[in-house]
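Please look through the sequence and the structure shown below, and keep both at hand while reading. The report that follows takes up charged side chains, aromatic rings and a surface patch in turn.

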Amino acid sequence: MLKYGLLGLLSYGDMSGYEMMETFKSSLIFFWNATTSQIYRELKVLEEKGWAEKTIVPQQKKPDKNVFHITEAGRAELARWLSTPPEEVARNPLLMKVFFFAANPVEENIKFFKELEAESAQAAQILGGVPQYIDHYAKEVSATDAMYWKMTLDFGRRYQEMMSQWARACLDTLQTEAQTSPFTQNQSESDGSDQEEIQ
C-alpha cells in the first residue's frame, strides 16, 4: 500500500528521497505510518517495476541528489489502483485487545481508556489546525487536490473525535460497573471486616 502513496506523491511532481520523506511526514503520516527505510525500500520497488525513474543530479559541495519522477506506466498503475475498490480487511488490534480486557484489573482498563480519550481528543485538536497547511500547499497543486485532501483530513478528525467519545463511554460503563458490581462491594466489605479483625 505504501508504494501507491509514494506514487501518488510523485504524481504531483519530481522529488528527491528526502523531499518525499518530508512531504510524507506532513501529509500521509496522519493515516499511514512508515519509516525512512521503508520509504526508500518502496522507492526501489517502484524503480524495479518501472513505475518510477531516478535521475542523479550533481551538487556542489554536497552528495549527488537522486530525484525520482513517475513514469507513464506508474501513472497507469496509480489510475488502476485508484479505480479498484479497497480491500476489506477486518483487523483492529485495539478491539482485539479490548475484547479480552476482562482478564485485566478494572483499574488498569480505566487508566487505558482515560489515556485513549485524552490522546484522541488531542489528535482531533491538532488535525483541526491542518487546513491552513492544506491551503498553503494547494497553491502548488490545484484546488481540486486540496478539496480531496480536506475530505481525507475531515475523516481523520471525525475518527479521532469518535475514538475520544467511545473511550469516554467505555469509562462511564467501567466506573458505573465498579460502583455497582457485587464482587467489588463484597471485596470492599471483606477488606473492612479484615481490618476490624486486625484491630
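Asp-154 and Arg-157 are joined through their side chains by a salt bridge, with N and O 2.5 Å apart; the term stands for a side-chain nitrogen of Lys or Arg within 4 Å of a carboxyl oxygen of Asp or Glu. Both residues belong to helix H8 (residues 143-180), where they are three residues apart, about one turn of the helix; helices (H or I, at least four residues) are DSSP runs that are numbered from the N terminus. Asp-154 counts as partly exposed because its relative accessibility is 25%, and Arg-157 is likewise partly exposed, with a relative accessible area of 25%. In this scheme buried means under 20% relative accessible area, exposed means over 50%, and partly exposed lies in between (1.4 Å probe, protein chains only). Asp-154 and Arg-157 also belong to a network of salt bridges that links them with Arg-158 and Glu-161.

The model is a predicted one, in which local features need pLDDT of at least 70 and side-chain atom pairs count only at pLDDT 80 or more, while totals for chains, interfaces and linings use all residues. Residues are numbered from 1 along each chain as its sequence is written, and side-chain values use heavy atoms, with hydrogens and water left out.

Helix H8 also holds Arg-168 and Asp-172, which are four residues apart, about one turn of the helix, and whose side chains meet in a salt bridge of 3.2 Å, N to O. Arg-168 is partly exposed because its relative accessible area is 32%, and Asp-172 is placed in that class at 37% relative accessibility.

## A salt bridge in helix H4

The structure holds seven salt bridges, and one of them joins Arg-80 to Glu-77, whose closest N and O atoms are 2.8 Å apart. These two residues both lie in helix H4 (residues 72-82), three residues apart, about one turn of the helix. Arg-80 counts as partly exposed because its relative accessibility is 40%, whereas Glu-77, at 13% relative accessibility, counts as buried.

## Aromatic pairs

A search of the whole structure finds nine aromatic pairs. Rings of Phe, Tyr and Trp (its six-membered ring) pair if their centres lie within 6.5 Å, and planes under 30 degrees apart count as stacked, over 60 as edge-to-face and the rest as tilted. Among the pairs is that of Phe-99 and Phe-100, which is edge-to-face, with 5.1 Å centre to centre and 80 degrees between the planes; both of these residues are exposed.

Phe-101 and Phe-113 form an edge-to-face pair as well, with 5.9 Å centre to centre and 75 degrees between the planes. This pair links distant parts of the chain, since Phe-101 lies in the loop between helix H5 (93-99) and helix H6 (106-127), while Phe-113 lies in helix H6, twelve residues apart. Both Phe-101 and Phe-113 are buried, and together with Phe-112 and Trp-166 they form one aromatic cluster.

## A nonpolar surface patch

Met-1, Phe-30, Phe-31, Trp-32 and Ile-126 make a nonpolar surface patch of about 550 Å². Patches are made of residues with over 30% relative accessible area and no salt bridge, like charges being joined within 9 Å and nonpolar side chains (Val, Leu, Ile, Met, Phe, Trp, Tyr) within 5 Å. Ile-126 lies in helix H6, and it counts as exposed because its relative accessible area is 52%.

Notes. Accessible areas come from the Shrake-Rupley method with a 1.4 Å probe; for residues, only the protein chains shown count as cover.
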